[in-house]
Amino acid sequence: MPGSKLLTLPHDKDSEADLWIKAATVLAVLAVIALCAMIVVAALPALFSQTHTPFEWVWQPYHGHFGILPMCASSLLLALSALIIAFPWALGIVIWHLTEEEPALSWARKAFGLFIRLLTTVPTVVLSFAAVFLLTPLLRTAFGGTGMCLLGATLMVSLLILPTMVLVMESGLAQPLERLCPQGLALGLSRYQLLCHCLLPQSRTTLLQAAVLGFGRACGDTLLPLMLAGNAPRLPLHLTDSTRTLSAHMALVTANEVGGAAYNSLFAAGLFLLGTTLCVTLALRRLARAKSSGSTV
Amino acid sequence: MKRLLPWLIRLAPLLLVAVCAILLVFLLQQGLGSLSPTLLFGNVPPLQAILGKAPVWEGLWPACAGTFCLVLLTQALALLPGLGCGIYLAEYASPKKAATISLAMDILAGTPSIVMGLFGFTLIVCLRQSFLPNANTSLLLSAACLSLLVLPVIVSSCCEALRALPRDLRITALALGLKKRTVVTRILLPQASQGLAAGLILALARSAEDTAVIMLTGAVANAGLPAGLWDKFEALPFAIYYTAGEYQNAQDLTRGFGAALLLLLLSILLVLIAHVLERRYLRQRQGTHAAGCSR
C-alpha cells in the first residue's frame, strides 16, 4: 500500500506497533510454522521405516502392511474427477451470470450472487448427510452394490467446490469485461461474444486459479469421501468402486486405534496431504503474482 | 443455434439451483417435522435440561451446548492473535514482512481441516509421551485447533476492513499530532468495527460447522453437557456424522435430520449477517476495496 507507506516515518518510536500487536503477529506466524514442523517431524519415522513402509499398495494392518499409496491415488483421482465435472459447470454458470442480458431476468442475476455466496458456507457434514440418504440409494438402485462409491463422492465434491470456483472466476472476469463493454458493445458485439471470444482466450490465469483452488479444496475435504465413498482401502478402477481417500483414512485410523505402525502411516498421510495443499497454495500465489504483473486485460 | 445458445447457457445455473433445491427440500421434508423442543430436550423439561439438572439422552441439547462452548472458546482464543496480526499486516508491516505474514496465512487457509486435527492429535500424543501422561483430547484442544482454522479468516477480514478506510482519516489524525498507535487503536479500529464484526461472525460460522478437526481432537457421541476444558464433549456436526453411520431406529434418524437442518440454518444465518454487515461497511466506505489482504 503506497498510502500507508507514505505516512510511516522511518525509525520513529511513535510509529511502532503496540507490543500486543507484535506478539499476536509473531504468535500467528509461529503457529503456522509449528503446524508444518510438527507434521513433518511426526511423519519422519514412518517415511524411513524399514519394516512398515507406507510406500506400498496394500493396507492390511493385521498382516503388517501399512501402505497408503492407494489412498493417495484415490485422493488425487477424486479431486481430478470432481474438477472435470465442476470446471465446465462453473464456467457455464459464470458465463451466464456475466452475460445475461434479458432485463426480465436481472433479479435472478442479483439473487444468484447471494445464492452462490451462501452455497460456499453449507456445512460439508450437512451436505454429506443429505447425500447419504438421497444419492446413495439412487446409486444403489442404478449400479447395484452398496451405493457407496467413487461416483457419489465425486458428484458431491464437485458440488462442494463449485461455488468457490465460480467466485474466483467471476472476480477475475467481471472487471475486465466491464472495461471491454463500452467499446465492444459499440462495435455491435454482445456481452456473450465479448466474454467468450475476446476475454476468455486471454484469461488462462484466472481459469487456472479457479481450477487449482478447486483441486486443493477437493483434496482436503474429509466428510464427503468419508461418508459417501465406502472406505475400502484399495485403488478404485471404476467409478462405482468403493474407495478411501487420504483424509477419510486419517479420520478412520484415529477413530479405530490399531497400533503404533498404523499411527505412523497416519502421519505420513497427513504429510502427503499437507504437501499437496502447500503446492496448491504456492501455485495460487504464483498465479496471482503472474496476473498482477502481467497484462491488465 | 444462435437462438438456442442463451438457453443452453441458462441450463448451467438452473441445474445448480435444481440440485440444491432437491437437497434442501429433502432435508426439510425429513427434518422439518422434528423441529420442536423435543428435538433439543427429548422428554426432559427444557428448563431442567438447560440448567443441567437433568441429563438429556434423547435430544440434541448436549450437542448444541457443546458446539456453543466450542465456538465461544475458539473465538476467545483466535480473537487477539487474529486482530493483532490483521492490524499489523494492514498498518505496520513493511512489504517484506507483509509478504511473509500473508504467505503464512495463505498456507494456513489452504491447509485441510483434517490436517489441523492431526496437528492437535500429534500434540496430545507428544504431551502424553513426555511430561503430561494424563493429557487427552479435549474441548480446549479442539478449540485451539479450530482457532488455527479460523485465524486466516479473521486476519484477512481485519486487514481488509482497515484498508477500506479512507486515507483522509489517517492523514487528518496524524496531522493533528496523534501518535500512530493512538490513531490505530482509537480512530481506525472503532471506524472499522462493522467490518471487523463481519469477519468475526464469518469465523464463528466456520468454527461451528467444521467436523474434521473435532473428530480427531475430542468430540464424542455421548458425553453429556460439556463438563470442563479438559473433558471430551459433544458437538452438533459430530452428532450429524455419527447419526449417519450409527443410527438405530427411525427416531434417531429423524433427530439426525433435525440436527442437519439446525446446523444448516445456523450457518446460513451467520453468513447472511456477516454478508449484510460487510456490504454495508464497504458501501459506507464508497466501496474502496483494497487488494493485498489475500485470503
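**Entry 1: the domains of chain A.** I began with the distance between two domains: the C-alpha centres of domain 1 and domain 2 of chain A lie 31 Å apart. I then noted how they touch, with eight residues of domain 1 of chain A and seven residues of domain 2 of chain A taking part in the contact. Contact here asks for C-beta atoms, placed from the backbone, within 7 Å of each other. On the side of domain 1 of chain A that touches domain 2, I found eight nonpolar residues, no polar and no charged. My classes put Ala, Val, Leu, Ile, Met, Phe, Trp, Tyr, Cys and Pro under nonpolar, Asp, Glu, Lys and Arg under charged, and the others, Gly among them, under polar. The bounds are 1-48 for domain 1 and 59-292 for domain 2 of chain A, and such bounds come from an automatic or database domain assignment.

**Entry 2: ground rules.** I am reading a predicted model, where local features need pLDDT of at least 70 and side-chain atom pairs count only at pLDDT 80 or more, while totals for chains, interfaces and linings use all residues. Residues are numbered from 1 along each chain as its sequence is written, and chains are lettered from A, with ligands numbered from 1, in the order in which they are written.

**Entry 3: chain A as a whole.** I counted 11 helices and two strands in chain A; these are DSSP runs numbered from the N terminus, H or I of at least four residues for helices and E of at least two for strands. From the N terminus, the order in chain A is α-α-β-β-α-α-α-α-α-α-α-α-α. The C-alpha trace of chain A spans about 70 × 65 × 30 Å along its principal axes. Of the 297 residues in chain A, 44% are buried. Buried means 20 or more other C-beta atoms within 10 Å of a residue's own, exposed means 12 or fewer, and partly exposed is in between, with C-beta atoms placed from the backbone.

**Entry 4: a kink.** Where does helix 6 (residues 150-186) of chain A kink? I found a kink of about 45° at A:Leu180, shortly before the proline A:Pro182. The bend is the angle between axes fitted to the seven residues ending at a residue and the seven starting there. Just after helix 6 of chain A, A:Gly188 has a positive phi of about 95°.

**Entry 5: chain B.** Chain B has 13 helices and zero strands. Its C-alpha trace spans about 70 × 70 × 35 Å along the principal axes, and 52% of the 295 residues of chain B count as buried. I looked at helix 5 (residues 95-110) of chain B, where the buried residues include B:Ile101, B:Met105 and B:Leu108.

**Entry 6: where the chains meet.** I found 65 residues of chain B in contact with 60 residues of chain A. Helix 1 (residues 5-31) of chain B gives the most to chain B's side, with 10 residues. That side divides into 44 nonpolar, 11 polar and 10 charged residues.

**Entry 7: the core.** Which residues have the most contacts inside the largest nonpolar core? They are A:Ala90, A:Met156, A:Met165, B:Ile240 and B:Ala260, in a core of 184 residues. Such a core is a set of buried Ala, Val, Leu, Ile, Met, Phe, Trp, Tyr and Cys residues joined through C-beta atoms within 7 Å. Helix 7 (residues 139-163) of chain B gives the most to this core, with 17 residues.

Terms used:
Contact = placed C-beta atoms within 7 Å.
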